[in-house]
Amino acid sequence: MKELAVSKIKEGTVIDHINAGKALLVLKILRIISGSRERVLMAMNVPSRKMGTKDIVKVEGKFISEEELNRIALIAPRATINLIKDYEIYKKFKVVLPETVEGVLTCPNRYCITNSQEPILRKFHVTMMDDGVVARCHYCGRKIKELDKYVIST
Amino acid sequence: MAHFRHLISIDDLSRADILYILDRAEEYEEIAMGRGMGRVLEGKLLANVFFEPSTRTRMSFEVAMKRLGGDVINMTAQEASSVAKGESLADTVRVVGKYADVIVLRHPLEGAARFAAEHSEVPVINAGDGAGQHPTQTLLDLYTIRKESSLDELKIALMGDLKYSRTVHSLIKALTLFDAEIYLVSPPSLALPEDFLEGVRGKIYTAQLDEIIEEIDVLYVTRIQKERFPDEEEYKKVAGSYKVTAETLRKANRSLIIMHPLPRVDEIDVSVDRTRHAKYFQQTFYGVPVRMAILSEVML
């Protein structure tokens with residue numbers, strides 16, 4: 001019998017096939033941070049047939065919206081989602097890269113209006129290129145790659 | 001049906017939008033020259049909101065508005081900075097939008113105009129946002145090329161600071177819509193950034209001026225700024241080798257035109273001013289009918 005890296009949850013959201021080492025960043029994107037009350041189980045660098053190694057995150061007692069979950073595609077485009085009820089999967093899907101994201105990424109251009117005192121929700125347009133995901137700042141037009149570096153810390 | 005409500009970036013315009021504005025500008029040229037009085041913007045008020053000084057652009061908008069019968073109020077850089085103490089740009093445009101029918105904005109931060117447009121009840125025209133966009137300059141550049149040369153089968157060389165010049169960056173993007181052959185002439189340290197070319201499709205080549213001078217239709221010169229160089233000697237050496245003189249033009253096509261966004265320092269020798277090729281002062285004038293076309297487009 002296959003040994004489980006993390007125990008089953010009764011009800012909630014399981015995020016599987018996260019690129020190894022990115023689980024903490026996934027939590028950040030979902031705004032599950034220090035002080036949050038969700039019960040979270042996490043496994044990092046577990047063996048995976050498809051990916052070599054992967055991370056898994058399980059959030060108990062919470063069904064996270066599809067829109068919020070799709071933001072994970074910015075840093076883990078192969079992630080899969082299982083929504084669990086009574087220990088059973090009742091819905092399963094892959095994350096889809098959103099066309100735009102708001103309030104998730106920060107612009108590295110220090111002369112961008114989003115880095116001023118103005119009341120702005122940071123917005124990026126996202127596209128999949130040959131060499132990975134690219135996001136373009138809606139305001140100054142700066143393009144960013146390796147998006148892990150730009151996830152907003154809240 | 002309006003082609004646009006705000007004018008923020010040349011990237012927002014299609015080839016058809018650009019040609020539409022150039023055609024409209026053509027209609028306004030007589031009035032821009034002071035022959036006859038325009039009345040289409042009578043009763044309308046333009047607010048220049050400048051967080052950075054720029055006499056030339058501000059005056060050009062003012063002339064365009066007044067020659068079409070409208071009036072202008074100005075918030076200068078000094079006033080803007082004092083008003084802005086504690087007040088957000090979002091609030092400033094909301095307030096000014098209550099006084100005026102259009103806001104012409106210059107701001108030191110990139111993306112400021114797009115942000116302002118999201119908060120403004122009246123149209124916003126970007127008159128330069130930091131190193132970002134300056135779409136009215138690009139449109140007047142295209143207008144100049146069409147008037148004094150041709151946008152069809154165009155061969156153009158862009159020379160000088162191609163790394164930091166927003167004018168050049170916007171112009172390249174617009175020229176690709178017209179399938180122009182674009183030659184980049186610059187010192188290696190001021191070459192066009194590689195990531196700029198990602199996603200830009202077009203016939204773009206690097207070259208030396210003397211290799212292409214006989215073939216090109218337009219030579220667009222930009223200023224090489226002293227502050228981009230670590231020392232004065234290095235600057236002088238580089239700037240000297242990217243200077244246009246009457247001698248440089250000896251082998252040029254008779255119909256070659258030379259453009260420059262101005263102000264120039266010494267990258268175009270005054271001896272060139274007297275040649276048939278010099279079009280940079282005419283280019284400045286064309287800013288007026290082009291801005292007239294833009295103003296009437298967003299307000300009527």
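**Domains, chains and packed helices**

Author: The centres of domain 1 of chain B and domain 2 of chain B lie 26 Å apart, taken over C-alpha atoms. This is a predicted model: local features need pLDDT of at least 70, side-chain atom pairs count only at pLDDT 80 or more, and totals for chains, interfaces and linings use all residues. Residues are numbered from 1 along each chain as its sequence is written, chains are lettered from A and ligands numbered from 1 in the order written, and side-chain values use heavy atoms, leaving out hydrogens and water.

Reader: How do you know where domain 1 and domain 2 of chain B run?

Author: The bounds come from an automatic or database domain assignment. For chain B it gives domain 1 as 10-134 + 287-299 and domain 2 as 135-284.

Reader: What makes up the contact between these domains of chain B?

Author: Contact means heavy atoms within 4.5 Å. Domain 1 of chain B brings 31 residues and domain 2 of chain B brings 21 residues.

Reader: What area is buried between domain 1 and domain 2 of chain B?

Author: Buried area is the accessible area (1.4 Å probe) that two parts lose on being put together, summed over both. Here it is about 2300 Å², with 59% from carbon and sulfur atoms. Ile10(B), Leu22(B) and His134(B) supply 28% of the area that domain 1 of chain B buries against domain 2 of chain B, more than any other three residues.

Reader: And chain A: which domains does its assignment give?

Author: Domain 1 is 11-94 and domain 2 is 100-149. Their centres are 23 Å apart, over C-alpha atoms. Domain 1 of chain A puts nine residues into the contact and domain 2 of chain A puts in ten. Together they bury about 680 Å², 68% of it on carbon and sulfur atoms. On the domain 1 side of chain A, Arg31(A), Arg71(A) and Leu74(A) lose the most area, together 61% of what that side buries.

Reader: How many residues of chain A are in contact with chain B?

Author: 13 residues of chain A touch twelve residues of chain B. The two chains bury about 1100 Å² between them, 53% of it on carbon and sulfur atoms. In chain A, Ile113(A), Glu118(A) and Tyr139(A) lose the most area to chain B, together 42% of what that side buries.

Reader: Why is helix 6 of chain B called oblique to helix 7 of chain B?

Author: Helices are DSSP runs (H or I, at least four residues), numbered from the N terminus. Helix 6 (residues 135-148) and helix 7 (residues 166-176) of chain B have axes that come within 9 Å and cross at roughly 55°. Angles under 35 degrees count as roughly parallel, over 145 as roughly antiparallel, 65 to 115 as roughly perpendicular and the rest as oblique. That angle therefore makes helix 6 of chain B oblique to helix 7 of chain B.

Reader: What makes up the contact of helix 6 with helix 7 of chain B?

Author: Its residues divide into five nonpolar, four polar and one charged. Ala, Val, Leu, Ile, Met, Phe, Trp, Tyr, Cys and Pro count as nonpolar, Asp, Glu, Lys and Arg as charged, and the others, Gly among them, as polar. From helix 6 of chain B, the residues include Asp141(B) and Leu142(B).

Reader: How do helix 4 and helix 5 of chain B pack?

Author: Helix 4 (residues 89-99) and helix 5 (residues 112-119) of chain B pack at about 55°, their axes 9 Å apart. They are therefore oblique to each other.

Notes. Axes are lines fitted to C-alpha atoms, for helices over the stretch in contact, and angles run from 0 to 180 degrees between N-to-C directions. Helices (H or I, at least four residues) and strands (E, at least two) are DSSP runs, numbered from the N terminus.
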